[in-house]
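Reader: Please show the sequence and the structure, so that the discussion can refer to them.

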Amino acid sequence: MAESTRPLRIGNCSGFYGDRLSAMREMLEGGQLDVLTGDYLAELTMLILGRDQRKDPSLGYARTFVRQLEDCLGLALERGVRIVSNAGGLNPAGLAARIGEIAAGQGLSPAIAYVDGDDVRALGPRIGLGAGALTANAYLGGLGVSVALARGADVVVTGRITDASLVVGPAAWWHGWTSTAYDELAGAVVAGHVLECGCQATGGNFSGFRAMVSTSSTDEMARPLGFPLAEVAADGSSVVTKHDGTGGMVTVDTVTAQLMYEVQSTAYLGPDVTSHLDTVTLSDEGPDRVGISGVRGSAPPERLKVCVNELGGYRNSVELVVTGLDLEAKAEWVRAQLEPRLRADSVTWSFGTSPRPDADSEEGASAVLRCTVQDASPEPVGRAFSGAAVELALASYPGFTMTSPPADGTPFGVYRAEYVDRSDVSQTVHHADGSTEVVA
Amino acid sequence: MRAPLGTFVHARSGDKGGDANLGLWVAHDGSPAYAARVAWLRDLVTPDFVGTLLPEAAGLEVEVFALPNLGGVNVVLHGLLGLGVAASTRFDPQAKGLGEWARSRYVEIPEGLL
């Protein structure tokens, strides 16, 4: 399938559902790319999409991706950049159909493929799913994406594949890697892990930010951070960089920061390969260029991880501002007043930092007393809770005020991991011509 | 002398379900003491040390993985976030600021490393 042995130039334009909307256009216009990816699915996002889909079965995908493609589909096609995204969430078929409508409306005819098979809700009790399970998705690998691209897809949308698979799939297609090319695949996993959180590889959320902004002008500091891209070579090594002229920086430290993010041990387990993070070598390859090499891979785990989100119950909180003298006594009094009114299963109090004595601003003299409640049903954490707090407004400690008006509780999810056999899951590619192909 | 851990140590933290993840590594700031700093950090960061540095983690199961090629360690704090991001009542339920808190804590740093 190799189109060429030159490195694949692959970018990222989204690190989460809600990331900078203009990033897709910026990445397409900012320089050359072969593939542009976007990650939209965090554990919490699956829960949000699950709630969307309960309200409207035609939803369940990342709607911001639709808006980005409305703006950029023509541009991507014109530039020959393939789009690969997990924005399909719980409904990749629905997203593919929606993109088809957009394309038709704009007189475009891209080949749109989607990849599914990750949704394992139907396995139910066999994998320990109760009635409250909103979502259950196996973390699948990059093979489906690779097969879709090989068949000529311009746009590939998936459900839950691992974030790194958004890079592994295209790289495996580009270089023609087999499923046992573990070192090459592991190299691509590491590149994918670095790219998956967008600007976190280019100076966002970075401890060393002062090296980037300390000598800069206000205009320079206001410049948005560029999104990352990688040049992935045939041996799986890569160079992480960003488009010229964009904000932020790519250094050994910014790349290390992202490598260290959300990893659990030195063996980074994935559906395609186990990547050994203690073999990663980073090198400075010039301004805003960092090399990743030496990555060793080995066979992936036998079983696949499943992200399960269940409805955990309902939650609410109030924040009381406590100002000036006798902070502890004020807090103690209002707690004693409120607690007998609380019926929730769980009540948690926290009291923020003590302000400085003799503070020269009111805010500086104030601390926030926070009460958070949880319950299996909505009533005890609804107005029964927040209303009880408000009723004390004129009848409690001096200076009583709240940071927000009383509100209803909100449902919350509980995430847990389960594991399934590979034989329980069929990753399926739905090609643009309507044919389907089970790939794993 | 006592100085913030972040004097020459970078951090990145995040969540994985109810566990928090904390990466700590020595900054590539051109210091000739880089190798000595890496060795010091690797020896310093034990599960007990993490419980002292971050008292909210005391009593939790803490794992430390050395990543010498990256000049640092990865720390997993099991159960710090309770049932996970959507459910946690913890301040900062995704542990986004955990690394910056860790960097702001004062530790005894040998003079030769500063």
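Reader: How many helices and strands does the secondary structure of chain A come to?

Author: This is a predicted model, in which local features need pLDDT of at least 70, side-chain atom pairs count only at pLDDT 80 or more, and totals for chains, interfaces and linings use all residues. Residues are numbered from 1 along each chain as its sequence is written, and chains are lettered from A and ligands numbered from 1 in the order in which they are written. Helices (H or I, at least four residues) and strands (E, at least two) are DSSP runs numbered from the N terminus. On that basis chain A comes to 12 helices and 20 strands.

Reader: What radius of gyration does chain A have, against the value for a compact globule?

Author: The radius of gyration is taken over C-alpha atoms, and the globule rule is 2.2 Å times the number of residues to the power 0.38. The C-alpha atoms of chain A fill a box of roughly 75 × 55 × 45 Å along the principal axes. For 440 residues a compact globule would be near 22 Å, and chain A agrees with this at 25 Å.

Reader: What percentage of the residues of chain A count as buried?

Author: A residue is buried if 20 or more other C-beta atoms, placed from the backbone, lie within 10 Å of its own, exposed if 12 or fewer, and partly exposed in between. Of the 440 residues of chain A, the buried share is 51%.

Reader: Is A:Asp288 buried or exposed?

Author: A:Asp288 sits in the loop between strand 11 (281-284) and strand 12 (290-293) of chain A. Its phi is near 55 degrees, a positive value in a residue other than glycine. Most residues other than glycine have a negative phi. Because A:Asp288 has 21 C-beta neighbours inside 10 Å, it counts as buried.

Reader: Is A:Asp326 buried or exposed?

Author: The loop between strand 14 (303-323) and helix 11 (327-338) of chain A holds A:Asp326. Phi of A:Asp326 is near 55 degrees, a positive value in a residue other than glycine. Since A:Asp326 has 12 C-beta neighbours inside 10 Å, this residue counts as exposed.

Reader: At what angle do helix 6 and helix 7 of chain A pack, and is the crossing left-handed or right-handed?

Author: Axes are lines fitted to C-alpha atoms, for helices over the stretch in contact, and angles run from 0 to 180 degrees between N-to-C directions. A crossing is left-handed if the near helix is turned anticlockwise from the far one by less than a right angle, and right-handed if clockwise. The axes of helix 6 (residues 165-175) and helix 7 (residues 182-195) of chain A are 7 Å apart. The packing angle is about 140 degrees, and the crossing is right-handed.

Reader: How many elements of each kind does chain B have, and in what order do they run?

Author: Chain B has 3 helices and 6 strands. From the N terminus on, their order is β-β-β-α-α-β-β-α-β.

Reader: What radius of gyration does chain B have?

Author: The C-alpha atoms of chain B fill a box of roughly 45 × 25 × 20 Å along the principal axes. Of its 114 residues, 46% count as buried. A compact globule with 114 residues would have a radius of gyration near 13 Å, and the value for chain B, which agrees, is 14 Å.
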